[in-house]
Amino acid sequence: MQRHRDDAGVVVPGIDAPSTVACLRSLRPRGVRTVVGSESRSTPAATSAYRDEFVDLPDPETDLAAYGDALLSLAERPAVETIVPVREEDVYVLARRKGAFADEVATPWPDFETLRRVQDRVELFDAADAAGVGAPETELLDQWDDWDRETIVKPRYTVASPAYLGERFDSASIGSTEYQRPGTRPDPQTATERRGHVPLVQERIPDSREFGFFALYDHGDPVATFQHCQRRGWKYCGGPSAYRESVHIPELETAGRALLDELEWHGLAMVEFLCDPADDEFKLMEINPRFWSSLPFSVRAGADFPYYYWQLAMDEPITSEPTYEVGMGGHLLRGELSYLHSVATEEYPLVERPSLGSAAREVATSLVRQPRFDYAVADDPVPFVQDGMNLVRAWLDSRSDADPPAETEPDVEPGTGVAGDDGEAPTDTSQPLDGDVTRSAQTDGGPISRRSSRPSDRDGSDDADSTSR
């Protein structure tokens with residue numbers, strides 16, 4: 001549908017990750033009215049100087065159907081042109097009800113059947129196999145029989161919903177990724193009852209870095225791409241990205257594009273890989289089909305994905321320079337503090353813990369040499385302050401609760417890419433980066449494996465899902 005551009009607006013869900021604020025800082029200076037919707041008024045995006053309006057929304061983790069209804073209500077506003085997905089629940093409800101949203105706003109995201117091939121990891125690894133993209137050996141828990149190896153157990157699905165779990169979703173928690181010690185075998189029946197589905201078992205890849213291939217696709221064609229290597233996670237064994245550097249590695253580009261081409265992808269994607277030291281091949285971990293938590297870093301490096309997304313939604317040519325700077329580094333300061341806390345206080349099997357002194361020196365050195373931060377910027381300082389307040393509040397809560405809050409204790413396991421917001425493999429900052437050392441890299445799709453695809457049929461079904469975790 002076509003609308004007049006005056007007073008055009010975008011809805012961005014407000015979450016704890018910096019991706020929401022990055023969208024506001026990119027779009028508001030270009031005259032796009034920004035509406036932040038969230039279940040929490042403490043989201044840093046609510047305090048941004050680039051936020052025009054805040055709207056209370058239901059919590060998608062407790063009532064996914066009501067959350068979808070609320071987003072659709074915002075989409076019906078005359079000035080709203082599109083909605084930006086920043087978490088799995090966002091893209092799930094947008095894709096599940098794509099037909100209804102398409103009547104109101106531009107829909108630069110996949111249809112539900114394509115999304116399911118990503119959020120169902122069995123289908124995702126089948127797609128990787130068809131695309132010739134490497135992946136760790138993976139089986140359903142009740143089919144795996146080699147328990148003498150180092151393995152992980154992880155959810156099959158990335159969202160708990162009736163579409164994936166059926167009638168069992170209301171009483172089950174899909175759970176997180178768990179390390180399985182060699183020689184021990186989990187009980188399949190117990191695990192299935194607890195998670196509401198048969199989880200996956202995957203061989204552990206002892207890689208110390210996670211590589212991200214980021215892309216925006218237009219009905220099967222790449223219009224912008226970016227790469228980074230995670231150097232430190234929230235934990236010394238891994239976790240969401242605390243420090244990362246931009247890279248350009250042709251083999252990573254080839255693998256990422258091959259998989260997204262196979263899926264005939266439309267919209268945003270972060271494809272996570274580990275490099276297997278056994279054969280130096282990039283092995284697929286997962287796809288995040290929405291904006292990633294380290295989005296501010298991508299923008300700072302020259303890949304302005306929020307603006308590219310807006311241009312795609314508005315059916316405008318993407319005219320920005322199709323390059324980004326290679327060798328740049330960027331930090332989430334809260335993540336760096338979490339990393340140092342992990343080094344000082346935690347133990348993880350099979351991952352050597354660095355000394356606190358060497359870890360502190362590495363963090364300090366990179367802060368001086370690469371002073372770029374996800375939240376902390378001079379012209380919009382309050383989100384950084386709010387994020388700090390949230391961190392202190394979460395720490396105080398964790399002191400009085402045996403189960404620490406999710407935002408301060410992300411689920412990780414050694415040597416794997418864990419389902420999460422962004423980059424979750426262990427890191428080793430002593431290793432050199434691979435790939436092209438030139439100062440810029442293509443982000444416009446280029447000539448690699450490019451092919452035209454027709455848009456998939458839109459899914460007009462309504463979503464009656466709700467979820468309790």
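**Figure 1. Surroundings of Ala242 in the predicted model.** In this predicted model, Ala242 touches Arg232, Gly233, Trp234, Gly330, His331, Leu332, Gly335 and Glu336, residues up to four places away in sequence not being counted. Ala242 lies in strand S11, which spans residues 238-246. With a relative accessible area of 0%, Ala242 is buried. The view also takes in Asp374, which is 132 residues from Ala242 in sequence, although the two C-alpha atoms are 9.6 Å apart in space.

**Figure 2. Packing of helix H12 against helix H13.** Helix H12 comprises residues 333-345 and helix H13 residues 356-369; their axes come within 9 Å and cross at roughly 165°. Because angles over 145 degrees count as roughly antiparallel, H12 and H13 are described as roughly antiparallel to each other. The crossing of H12 and H13 is right-handed.

**Figure 3. Packing of helix H3 against helix H5.** Two packed helices are described by the angle between their axes and the distance between the axes. For helix H3 (residues 88-96) and helix H5 (residues 112-119), the axes come within 9 Å and the crossing angle is roughly 150°. H3 and H5 are therefore roughly antiparallel to each other. Their crossing is left-handed, whereas that of H12 and H13 is right-handed. From H3, the residues Glu88, Val91, Tyr92, Ala95 and Arg96 meet Phe112, Leu115 and Gln119 of H5.

**Figure 4. The largest nonpolar core, seen around Leu71.** This core has 77 residues. Those with the most contacts inside the core are Leu71, Phe101, Leu216, Phe291 and Phe305. Helix H2, formed by residues 64-75, gives the most to this core, with seven residues. Leu71 is in contact with Val11, Leu57, Ile83, Val93, Leu94 and Phe101, its neighbours within four places in sequence being left aside. A second, separate core has 27 residues, including Phe213, Leu263, Val271 and Ile287.

**Figure 5. Helix H1 and the elements that cover it.** Helix H1 spans residues 19-27 and is mostly covered, with nine of its nine residues buried. The buried residues are Ser19, Thr20, Val21, Ala22, Cys23, Leu24, Arg25, Ser26 and Leu27. Among the elements covering them are strand S1 (9-13) and strand S2 (33-38). The cover also includes helix H10 (295-301), helix H11 (305-313) and helix H14 (382-399).

**Figure 6. Glu262 at helix H9 and its spatial relation to Ala131.** Glu262 is located in helix H9. At 25% relative accessibility, Glu262 counts as partly exposed. Although Glu262 and Ala131 are 131 residues apart along the chain, their C-alpha atoms are separated by 5.8 Å.

Figure 7. Most residues other than glycine have a negative phi. Glu264, which is not a glycine, has a positive phi of about 50°. Glu264 is found in the loop that joins helix H9 (250-262) to strand S12 (267-276), and at 38% relative accessibility it counts as partly exposed. Asp280 likewise is not a glycine and has a positive phi, of about 60°. The position of Asp280 is in the loop between S12 and strand S13 (281-288). Asp280 is exposed, with a relative accessible area of 61%.

**Figure 8. Overall setting of the close-up views.** The secondary structure of the protein chain comes to 14 helices and 16 strands. Of the 469 residues in the protein chain, 58% are buried. Among contacts between residues at least 6 apart in sequence, 73% join residues at least 24 apart. The protein chain exposes about 18,000 Å², of which carbon and sulfur atoms supply 47%.

Note on methods: Residues numbered from 1 in each chain as written. Predicted model: local features only at pLDDT ≥ 70, side-chain atom pairs only at ≥ 80, totals over all residues. Heavy atoms only, no water. Helix = DSSP H or I, 4+ residues; strand = E, 2+ residues; numbered from the N terminus. Buried < 20%, exposed > 50% of the residue type's maximum accessible area, 1.4 Å probe, protein only. Contact = heavy atoms within 4.5 Å. Areas by Shrake-Rupley, 256 points an atom, 1.4 Å probe, with all protein chains shown as cover. Core = buried A, V, L, I, M, F, W, Y, C linked by side-chain atoms within 4.5 Å. Axes fitted to C-alpha atoms, helices over the stretch in contact; angles between N-to-C directions. Parallel < 35°, antiparallel > 145°, perpendicular 65-115°, else oblique. Left-handed = near helix turned anticlockwise from the far one by under 90°.
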